[in-house]
Amino acid sequence: MIVVLFHYKKVFILSLLICFVAFSFGCSTSLKHYKPIEESLENNEFKKAPDLIKKAREEGNYSKKDRVLYYLDLGLANHYAGNFKQSNQNLETAERYIQELYTKSITKGGISLLTNNNQLPYYGEEYENIYINVFKAMNYEMLNKTSAAFVEIRDMYEKLEYMEQKYQQKAEMYKNNLNEDKYRSVKNIANKNNESLAIKSNFSNSALGRYFNYAMYSSNNEWDEANIDLRKLKLAFNTQPDIYNFNLPTNLIEKSSDDTRKNLVHAIALLGKGPVKKQIDIRLLLPNMGYMKFVIPEIKSRSTNISKVKLFKNEEPLVDLEKIEDVNRVASAVFQTKRPLIIFKNIARSILKGIGANVASDSTDKNARAFVRLASIIYTEFSEQADLRTSRLLPGEFHIASFYLPRGKNELTVKYYSHNEVVSSEIIRFHVSPGGFNLLELINLN
């Protein structure tokens with residue numbers, strides 16, 4: 001009797017230990033620190049945001065494994081604050097860490113399938129990596145470095161071209177970590193849940209990237225090159241209707257004006273909020289494996305209150321800005337490239353946990369198995385947590401317009417509409433230079 005009680009005590013302690021470990025592994029990066037940061041951006045208090053991010057790091061909200069996220073957030077915040085040089089320094093650091101972390105994972109043959117995603121360093125979502133180049137290009141233009149901006153857009157397309165190959169390479173590494181029986185089990189479970197493990201890129205041509213090239217070429221009166229990118233911009237709409245499910249902008253100028261007293265201006269508005277991630281839970285009771293849970297992060301779109309942006313000069317309508325890219329839809333499409341890899345890894349981890357629990361229960365006496373299985377269920381339930389880290393500072397939409405203004409000082413009024421009602425407006429003093437890229441940036445992150 002004493003021996004049996006001692007055995008139960010050991011199993012009970014083991015169960016508590018497993019539960020403690022499960023809770024520890026289940027902990028993910030806190031998102032509470034984003035509230036004051038997002039509020040400052042919504043209230044157009046852009047200068048406050050970088051300091052709030054630095055403060056959040058000092059308070060432990062950005063750990064070492066979140067360093068990509070920290071520099072990405074800081075880079076975006078500094079861009080909104082008009083600190084373009086600092087923004088590029090931050091974004092370059094984020095980009096360097098992304099590459100270093102990916103290279104490290106490849107050289108080590110991938111990360112263990114038993115590792116909880118939240119315990120790994122965050123090396124950014126692919127859509128974040130792509131938009132790093134967009135913001136760096138805008139920074140360079142604000143610093144009058146058009147040649148450097150061209151490089152950023154080129155790098156953006158190189159990332160898009162390599163994206164599918166990169167995830168196929170990683171999927172193959174995860175596959176090699178399993179024997180044939182376990183791999184077959186992963187495929188069967190995925191099929192039962194109507195999940196494909198085939199990796200395919202659904203996004204290869206960014207209309208926003210093409211617009212930047214068009215705008216930079218046209219600003220230098222290189223209209224042949226500008227029109228090439230304009231055709232590629234239209235192709236992005238024609239070949240990716242699920243992403244570009246809105247009308248092609250009509251205010252794109254295809255040739256230079258004969259009026260030498262005016263110069264071409266390109267306006268770009270950053271509106272609303274970019275995507276976040278949510279967790280989808282899938283629970284199964286399988287023969288020979290028992291209780292299983294695997295989780296899938298999904299993109300959750302966030303909307304903007306702004307339906308229309310108009311520019312006025314001398315109280316007369318000048319131009320309407322039109323949507324060129326929906327960041328939420330792009331993020332969702334890009335994330336689908338990675339989704340099969342996430343599913344593969346998460347199912348495989350759940351299978352390995354289930355096998356481990358069965359081995360543990362078989363090694364105990366009949367009366368103690370219930371404790372082990374209960375501990376296994378609790379461990380699986382709490383240790384399986386999706387990685388919901390992502391920057392919450394990306395805009396939700398980009399709107400653009402190309403038009404002519406007289407050289408020198410111009411006073412414009414921008415009005416933001418929601419359902420045909422003006423919700424905010426501001427006066428902008430904009431200087432039009434006789435040469436180079438005249439970029440007018442408007443920001444309303446509501």
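**View 1. Arg154 and Glu158 meet through their side chains in a salt bridge, with N and O 4.0 Å apart.** A salt bridge here is a side-chain nitrogen of Lys or Arg within 4 Å of a carboxyl oxygen of Asp or Glu. The two residues are four apart in helix H7, so about one helical turn separates Arg154 from Glu158; helices (H or I, at least four residues) are DSSP runs, numbered from the N terminus. Arg154 is partly exposed, with a relative accessible area of 47%, and Glu158 is also partly exposed, at 44%, where buried means under 20% relative accessible area, exposed over 50%, and partly exposed in between (1.4 Å probe, protein chains only).

This is a predicted model, in which local features need pLDDT of at least 70 and side-chain atom pairs count only at pLDDT 80 or more, while totals for chains, interfaces and linings use all residues. Residues are numbered from 1 along each chain as its sequence is written, and side-chain values use heavy atoms, with hydrogens and water left out.

**View 2. Lys159 and Glu95 form a salt bridge, 2.7 Å from N to O.** This pair links distant parts of the chain, with Lys159 in helix H7 (residues 146-176) and Glu95 in helix H5 (residues 84-107), 64 residues apart. Both Lys159 and Glu95 are buried.

**View 3. Arg96 and Glu100 form a salt bridge in which the closest N and O atoms are 3.9 Å apart.** Arg96 and Glu100 are four residues apart in helix H5, and therefore separated by about one helical turn. Arg96 is partly exposed, with a relative accessible area of 42%, and Glu100 is partly exposed with a value of 42%.
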